[in-house]
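Welcome to a short tour of a protein model. Take a moment to look it over, and then we can walk through a few of its features together.

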Amino acid sequence: MTLNFAHRGSMTEAPENTIPAFQKALEHGAQAIELDVQLTKDDELVVCHDHHFRRYNKNVKGKIRSFTLEEIKQIDVGSKKGEEFAGISLPTLEEVLNLCPSEIMLNVEIKNIPVIYEGIEDILIHTLDRHHRLDNVIISSFDHVALKKVQEINPEIPLGMLFYYRILNPWDYAKNSGLNINSIHPNQIYTDQTFVEECKKLGYKVYPYTVNGQKQYEKLLDYGVDGVFSNWPDIFGT
Ligand code: G3P
Ligand code: CA
């Protein structure tokens, strides 16, 4: 059985990583949702891919880290996508947790590049714990030091190891990392049969990103991936 993650919610239909995007993903029957987290000036977790607002609103200068949550809640991140989204703001992680039923698998990606958020791992785990949301979750990151910190705080949380570039034998790297890796999240560009087989031999699930076409999707399924990250609503519920 595959598990496909609605990537940043349903980002083709609503501003990515916002409540309308997550609502749309749920309407499409998504069983799993991916989102990115960043920290505000006052150490609140907000859901956003970038460390700035440029993708949503080019009038807003400065980093997410330099605004308080109260200030961030005044920033429009919807209008650029369409008038129907005018006035919406970045959601907090808590708002997304309140929206998504516990049976929905959540993949929370810690965005520690290029800004390193000291302490984000602790804040994230405590937020998930407060919401009784430590069960059906994967914490992932390109920053493997962040994954190590997550494991030190709570060794039970499934970790997703993200790889952007093609590196030599990433499955061996994962095995030798000392981390209890649940899943490998590779760039789909270089995910091939050998990659999937080697990961599976070591017991890792494989979820490539970002897969938006039928041909690519079917090829990856043939390789034996456990699911994909996708912007393509047709496969959210499959
Ligand atoms: O977690 C999969 C994917 O979201 C990683 O890349 O840049 O879309 O966060 P990015
Ligand atoms: Ca992401």
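D36 and E109 are both buried. Keep in mind as you look around that this is a predicted model.

How many aromatic pairs does a search of the whole structure find? The search turns up 11 aromatic pairs. One of the pairs is formed by W171 and F195, with 5.5 Å from centre to centre and 90° between the planes, an edge-to-face arrangement. This pair, too, links distant parts of the chain, with W171 in helix α6 (residues 170-176) and F195 in helix α7, 24 residues apart. Both W171 and F195 are buried.

Now find Y207 and F229. Why is this pair called edge-to-face? The ring centres of Y207 and F229 are 6.5 Å apart and their planes stand at 75°, and planes over 60 degrees apart count as edge-to-face. Y207 lies in the loop between β8 (205-206) and α8, while F229 lies in strand β9 (residues 229-230), so the pair ties together parts that are 22 residues apart in sequence.

F229 counts as buried because its relative accessibility is 3%. Elsewhere, F142, Y164, Y165 and Y209 make up one aromatic cluster.

Which residues of α8 are buried? They are Y217, L220 and Y223. These residues lie on the same side of α8 because they cover an arc of only 120° around the axis.

The face turned away from the buried side of α8 carries the exposed residues K215 and D222. As for the buried residues, what covers them includes α7 (193-201). Just after α8 comes G224, which takes a positive phi of about 100°.

Notes. Residues numbered from 1 in each chain as written. Chains lettered and ligands numbered in written order. Predicted model: local features only at pLDDT ≥ 70, side-chain atom pairs only at ≥ 80, totals over all residues. Heavy atoms only, no water. Buried < 20%, exposed > 50% of the residue type's maximum accessible area, 1.4 Å probe, protein only. Helix = DSSP H or I, 4+ residues; strand = E, 2+ residues; numbered from the N terminus. Arc of directions from axis to C-beta. Contact = heavy atoms within 4.5 Å. Phe/Tyr/Trp six-rings, centres within 6.5 Å; stacked < 30°, edge-to-face > 60°.
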